[in-house]
Amino acid sequence: MSTPLFALVLSTTTPYWPFWVGGLALASVSVGTLVLLRRPLGVSGTLARVLDRDELRRELRPPVQRSTADLEAELMAATLAAFGAATPDAAFGDAIEGEMSPSAVDADGEPTTAAAGPATRLGPRLSWSISLLFLLGIVGGGALAAATTGRPLAFTPDETYAALFGTGWLSWFTLFVGGVLVGVGTQLSGGCTSGHGLVGCGMMRPGSLAATASFFGTGILVSILLSAVLR
Amino acid sequence: VADGSKQHCTHVGSCELFPLISRPGFLRVWQVHYCEADYAKCERFKRALAGKSIPITLLPNGAELSGAPTT
């Protein structure tokens, strides 16, 4: 009986999936997210959203539904309050409509892409609960992948890491500090290895290319330095 | 501005607030003061930049409408 394809795919000399399976899976997820949800993949942004108290508050207490007429009246009052004399007369709210060329707005009255420049129409932002589900899926997916290779689901530091920080509380504390630094870095650069590395680089965004080069360049440099220290 | 000579907010093509403002004159005044001017001061833009969700009820100046439109 021939070897099943699934077993062939996972057959490797290391206890991990072959790199190209991971590559295909990541490409499917990042392209799939863009195509299906019209949103770029971003793990750090999703995590920030899940940890945002305002997001949770909105999830638990959705906004009150108002009629169009009520909203229009409230919008009119808010516009007058914001701009005062600069606001077009309420009775002639359409007075400066002609200032926008017909090609600048689409059928819904929204500015067109041409008028807006290179803006891309994005899908609605994921809700708090979907964001949480996405993050749990990452942990669950990792556990599932590990289970298929027969590895135990445990944190087992490799020799280099153990030689530097041991295997006790210091190793956990170091991981925590590393996590905090990664969080600060992603907030500073506006993304992480998924947002910049997978999506941004795929779209050839200069900022993402620079950020990813910085992530991996620093990683390689630190690895070389640590190897030198441990020799 | 279609000739690209002016720098617009990159979210101007996808801002969910616009369809809510039915009067073109009112829509225009918000766009002129925020989307086409100093859009960095737009509260919706700031939230987008921080990766946060943007309530449909949030106006560019930070004021919030008391409810969302009925669907």
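Trainee: At what angle do helix 10 and helix 11 of chain A pack, and how far apart are their axes?
Mentor: Helix 10 (residues 193-202) and helix 11 (residues 206-230) of chain A pack at about 130°, with axes 9 Å apart. That makes helix 10 of chain A oblique to helix 11 of chain A. Angles under 35 degrees count as roughly parallel, over 145 as roughly antiparallel, 65 to 115 as roughly perpendicular, and the rest as oblique. Axes are lines fitted to C-alpha atoms, for helices over the stretch in contact, and angles run from 0 to 180 degrees between N-to-C directions.

Trainee: What are we looking at, and how is it numbered?
Mentor: This is a predicted model, where local features need pLDDT of at least 70 and side-chain atom pairs count only at pLDDT 80 or more, while totals for chains, interfaces and linings use all residues. Residues are numbered from 1 along each chain as its sequence is written, chains are lettered from A and ligands numbered from 1 in the order in which they are written, and side-chain values use heavy atoms, with hydrogens and water left out.

Trainee: Back to that helix pair. Which residues meet?
Mentor: From helix 10 of chain A, A:Thr193, A:His196, A:Gly197, A:Gly200 and A:Cys201 meet A:Ser208, A:Leu209, A:Ala211, A:Thr212, A:Phe215 and A:Phe216 of helix 11 of chain A. Contact means heavy atoms within 4.5 Å. By class, the contact of helix 10 with helix 11 of chain A has 5 nonpolar, 6 polar and no charged residues. Ala, Val, Leu, Ile, Met, Phe, Trp, Tyr, Cys and Pro count as nonpolar, Asp, Glu, Lys and Arg as charged, and the others, Gly among them, as polar.

Trainee: Is A:Thr212 buried or exposed?
Mentor: A:Thr212 is buried, with a relative accessible area of 11%. Buried means under 20% relative accessible area, exposed over 50%, and partly exposed in between (1.4 Å probe, protein chains only). Leaving aside neighbours within four places in sequence, A:Thr212 is in contact with A:His196, A:Gly197, A:Cys201 and A:Gly217.

Trainee: And where does A:Met204 sit?
Mentor: A:Met204 is in the loop between helix 10 and helix 11 of chain A. A:Met204 is exposed, at 57% relative accessible area. Its phi is near 60°, a positive value in a residue other than glycine.

Trainee: Zooming out, how many helices and strands does chain A have?
Mentor: Chain A has 11 helices and 1 strand. Helices (H or I, at least four residues) and strands (E, at least two) are DSSP runs, numbered from the N terminus. Of the 231 residues of chain A, 22% count as buried.

Trainee: New topic: which residues touch the most other members of the largest nonpolar core?
Mentor: B:Ile21, B:Trp30 and B:Leu59, out of 22 residues in that core. Helix 1 (24-35) of chain B and helix 5 (68-83) of chain A each supply at least two residues, and helix 1 of chain B gives the most, with 6 residues. A nonpolar core is a set of buried Ala, Val, Leu, Ile, Met, Phe, Trp, Tyr and Cys residues joined through side-chain atoms within 4.5 Å.

Trainee: How many residues of helix 1 of chain B are buried?
Mentor: 9 of the 12, so helix 1 of chain B is largely enclosed by the rest of the structure. Those buried residues pack against helix 5 of chain A.

Trainee: What does B:His11 touch?
Mentor: B:Phe45 and B:Ala48, not counting residues up to four places away in sequence. B:His11 is partly exposed, at 26% relative accessible area.
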